[in-house]
Amino acid sequence: MKAIILAAGIGNRLGDHAANQPKSLLEFEGKSLLKRHIEILSANHIEEITIVTGYESELIMEHLEGQTMTINYIYNDRYTDGSIISLGCARPIILNEAEFILMD
């Protein structure tokens, strides 16, 4: 099974707490939300993850360098238009997979 993680947004509602980084990179007890999600998905036998990025996408890719799980990236250049646009970027996966997990 595959998973799609929508991680393109700016996270405006977090204000200064986001520190000019994607909200998925916020750390709690020394681990980012994104790495927590990947660990949980891996523990549940997810074989492949596609992450839709946008805002500061290179920070996300750098943060996840060296992961053992297969991670694919899709860049959403319209990331300020909302998560439904990010979901649309993953349309080929959605249409070709009988089952997948979506994490927003």
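Contact here means heavy atoms within 4.5 Å. With that in hand, welcome to a predicted model of a protein chain of 104 residues. Among its contacts between residues at least 6 apart in sequence, 61% join residues at least 24 apart. Local features need pLDDT of at least 70 and side-chain atom pairs count only at pLDDT 80 or more, while totals for chains, interfaces and linings use all residues. Residues are numbered from 1 along each chain as its sequence is written, and side-chain values use heavy atoms, with hydrogens and water left out.

**Overall fold and dimensions**

- Four helices and six strands make up the secondary structure; these are DSSP runs numbered from the N terminus, with helices being H or I of at least four residues and strands E of at least two.
- Along the sequence, the elements come in the pattern β-β-β-α-β-α-β-α-α-β.
- The radius of gyration is 13 Å, which agrees with the value near 13 Å for a compact globule of 104 residues; C-alpha atoms are used, and the globule rule is 2.2 Å times the number of residues to the power 0.38.
- Along the principal axes, the C-alpha atoms fill a box of roughly 40 × 30 × 20 Å.

**Surface and charge**

- Of the 104 residues, 34% count as buried, where buried means under 20% relative accessible area, exposed over 50%, and partly exposed in between (1.4 Å probe, protein chains only).
- There are 8 positive and 15 negative side chains, with the centres of the two sets 4 Å apart. Lys and Arg count as positive and Asp and Glu as negative, leaving out His and the chain ends; each charge is placed at NZ of Lys, CZ of Arg, CG of Asp or CD of Glu.

**Nonpolar cores**

- The largest nonpolar core has 15 residues, and those with the most contacts inside it are Ile-5, Leu-34, Leu-41, Ile-49, Ile-51 and Leu-64. Strand S1 (2-7), helix H1 (33-43) and strand S4 (48-53) each supply at least two residues of this core.
- A nonpolar core is a set of buried Ala, Val, Leu, Ile, Met, Phe, Trp, Tyr and Cys residues joined through side-chain atoms within 4.5 Å.
- Another core, of five residues, lies apart from the largest one and includes Leu-6, Val-52, Ala-90 and Ile-93.

**Buried residues to look at**

- Ile-71, in strand S5 (residues 70-75), is buried at 17% relative accessibility. Beyond four places in sequence, Ile-71 is in contact with Ile-38, Ile-49, Ile-51 and Leu-64.
- Ser-86 sits in helix H3 (residues 83-89) and is buried, with a relative accessible area of 3%. Leaving aside neighbours within four places, Ser-86 is in contact with Leu-6, Ala-8, Val-52 and Asn-76.
- Ala-90, in the loop between H3 and helix H4 (91-96), is buried at 0% relative accessibility. Setting aside neighbours within four places, Ala-90 is in contact with Ile-4, Val-52 and Ile-74.

**Positive phi in loops**

- Glu-29 is not a glycine, yet has a positive phi of about 55 degrees. Glu-29 is in the loop between strand S2 (27-28) and strand S3 (31-32) and is exposed at 83% relative accessible area.
- His-45 also has a positive phi, near 65 degrees. His-45 lies in the loop between H1 and S4 and is exposed at 66% relative accessibility.
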